[in-house]
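Please look through the sequence and the structure shown below before reading on. The paragraphs that follow go from one chain to the next, then to the contact between them and to a few individual residues.

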Amino acid sequence: MYTWIPLSAIADLAQLTTHISSEYGPKAVAKKLADSLSDAVKSVLIEHDYTDKDYRSTYYNFYAKKGQHYRPECVRLHFFDATVSFDENTLRLTSATDDRLTDHYYGYMVLRPTGIGTIGRSVLSPDVRRGASRYIIAAAHKVHLLGYTLMIRGFPSMDQHRDVSVCAHASCWSMLRHYSERYPVYREFLTHDITMMAQQFNPGGLVPSKGLGVPQAERIFQAAGTFPLVVARKRNTVIDPTFYRQLAAYVDSGFPLFAAMHKRQHAVVVVGYEWRAPVNTAIAGMRYSWDEIESLAVVDDNHLPYIPIPKSGGSLYSAEDIDTFIVAFPEKIFYPAEAVERLAPALFKLGAVVGLPPQDETILRYFITTGSALRRFVRKRESEFDPQLLKTIMSLPFAQFVWIVEIATEPQWATNQLFARAIIDATASPRELMPLWLLHTTTEALVFDRETVGLELHAGMRGLSLSDMGHTTFTRMDQNLRPTQTK
Amino acid sequence: MAKKETVFEQIDGLVPVDPKALVDFEREMTDKVIPEIVEVLEERRLLAEESRLRELEVLIDKDK
């Protein structure tokens, strides 16, 4: 059964209470949605008696065994823009402007019949989330509805169940669901799977009465086939810039982070960020991308996704409350962000060879990407690259992952441009003297043969003078995260 | 089987780099950067170990 609710204003979501029974918590859900979604959402389609695999995994293993009766069916809400209409006789969805329903779809939210914490598996578009940050880690999620196949790009979220899962389980689930949609190499794990993966053995009861800590989360990510790296902040101080620079680098690499806030006894997923407005500083000194970040975006199981949190202060909590994070690496990333942070300033010792700007006048940004993504980026901007430099990037035998270091002056940063780029082998050992593949500006490049550079530095590197391509900068590489288009 | 071309043989215009231009970089890496990397990675590993010991704290939102 399907119910269509047109909305003249987002507050009209209160109508959910008349169409959905109380065990799905429609009143609380309607308030949450009205408080968080933009007025661009103009209709909701309620899909009754929806079979949700995540809820069913907990139903079969927990709720069905309880004395209290729980229904096995869920309700799913779908959100659309103003162009979409619904014919109740034919159950047909139509857009007034074109036949691409996906372009007018803002995502879905499953409601579980559990009375409390009823928001289940959800993927919402950051575009209609009030206050969502500019850059969000997202994957395309396929949605089957009434014979239509819709796609929504977002990050998965859900409320914690409280009995079979707590906030940290929900955070692990969100990350792993993102991985299974984003990377074909990872399988899908359901809510109950996540709860069980945290344990060494089946404890019999599924009540995680003691919550879930960093070691269990690490265990879950390991069991899921990733290679988790735990990064903890120095104790008893929030002044640990290296911790936050790493955090920024990994998020900018497109890796969602399991973020633990022990003092608040809470865990969230960091899924994006917002740059601060460009500034002109009178004080000389090299800066890092973390210095240019205004806020982080988090998925918190107490709220709808993509909440912006400031670096410090804030009404909810801030980046200062995060004391540990876990990045779930794919295989073959051996050179950590902390090593890149130390290596990047040393590149200025090669400044005379490639013509780098003064170190004190630059902003450094570094992130991981794949060799193929780098080549795709370069191919799309062929006109920026000297033909031999382009050929070099296409020919170097990159391992799957590379670190990109972007070096920009303040004015270049303000216009999304950069002065120089270094490509570092993400499979390098932290003790390597020269872990680079390439370092280039618009006039000069240094090319490294990774077969020989480790044996003899001088023999493994060559210089390349670049022809004038009619520009003095390169475009910043912004392709790991999805830019939010606020609606 | 054809001889495998090195990266340097595939690209035109490459020239050797004056070894003197690398001295500062090599010294910086050897004397400062690599020892620092080794030290900070070990320090961070120990911090991660400490963080794992805080597992008994309940990561559950009490407001709910």
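**A walk through the predicted model**

Read along its sequence, chain B follows the pattern α-β-α, with 2 helices and 1 strand, where helices (H or I, at least four residues) and strands (E, at least two) are DSSP runs numbered from the N terminus. Residues are numbered from 1 along each chain as its sequence is written, while chains are lettered from A and ligands numbered from 1 in the order in which they are written. This is a predicted model, in which local features need pLDDT of at least 70 and side-chain atom pairs count only at pLDDT 80 or more, whereas totals for chains, interfaces and linings use all residues.

The model scores ipTM 0.86 and pTM 0.94. For chain B the average pLDDT (the predictor's confidence in each residue, from 0 to 100) is 83, and 80% of the residues score at least 70. Over residues 56-64 of chain B, however, the pLDDT is below 50, although this stretch has 28 contacts in the model beyond near neighbours in sequence; two residues are in contact if their C-beta atoms, placed from the backbone, lie within 7 Å. Of the 64 residues of chain B, 20% count as buried, a residue being buried if 20 or more other C-beta atoms lie within 10 Å of its own, exposed if 12 or fewer, and partly exposed in between, with C-beta atoms placed from the backbone.

How does chain B meet chain A, and which of its elements take part? In the model, 43 residues of chain B are in contact with 51 residues of chain A. On the side of chain B that touches chain A, α1 (7-10), β1 (14-16) and α2 (23-52) of chain B each supply at least two residues, and α2(B) gives the most, with 19 residues. By class, this side of chain B has 24 nonpolar, 5 polar and 14 charged residues, where Ala, Val, Leu, Ile, Met, Phe, Trp, Tyr, Cys and Pro count as nonpolar, Asp, Glu, Lys and Arg as charged, and the others, Gly among them, as polar.

Turning to chain A, its secondary structure comes to 12 helices and 26 strands, and buried residues make up 50% of its 487 residues. The C-alpha atoms of chain A fill a box of roughly 75 × 55 × 40 Å, taken along the principal axes. Among contacts in chain A between residues at least 6 apart in sequence, 67% join residues at least 24 apart.

The domain assignment of chain A, with bounds that come from an automatic or database domain assignment, gives domain 1 (2-209), domain 2 (216-332) and domain 3 (337-482). The centres of domain 2 and domain 3 of chain A, taken over C-alpha atoms, are separated by 25 Å, and the contact takes 20 residues from domain 2 and 25 residues from domain 3 of chain A. On the side of domain 2 that touches domain 3 of chain A, α7 (241-252) and β14 (287-288) of chain A each supply at least two residues, and the largest share, 6 residues, comes from α7(A). The residues of this side of domain 2 of chain A divide into 6 nonpolar, 9 polar and 5 charged.

A helix of chain A shows how burial can be arranged. In helix α2 (residues 26-36) of chain A, A:Pro26, A:Val29, A:Ala30 and A:Leu33 are buried. They cover an arc of only 100 degrees around the axis, which puts them on the same side of α2(A); the arc is that of the directions from the helix axis to the C-beta atoms. An α-helix has 3.6 residues a turn, so residues three or four places apart point the same way. What covers the buried residues of α2(A) includes α1 (16-19), β6 (105-111) and β7 (119-124) of chain A.

Among the loops of chain A, A:Thr441 lies between β22 (436-440) and β23 (444-448), and A:Thr441 is buried, with 22 other C-beta atoms within 10 Å. Not counting residues up to four places away in sequence, A:Thr441 touches A:Val354, A:Gly355, A:Leu356, A:Phe419 and A:Ala420. The C-alpha atoms of A:Thr441 and A:Gly355, 86 residues apart along the chain, are separated by 7.0 Å.
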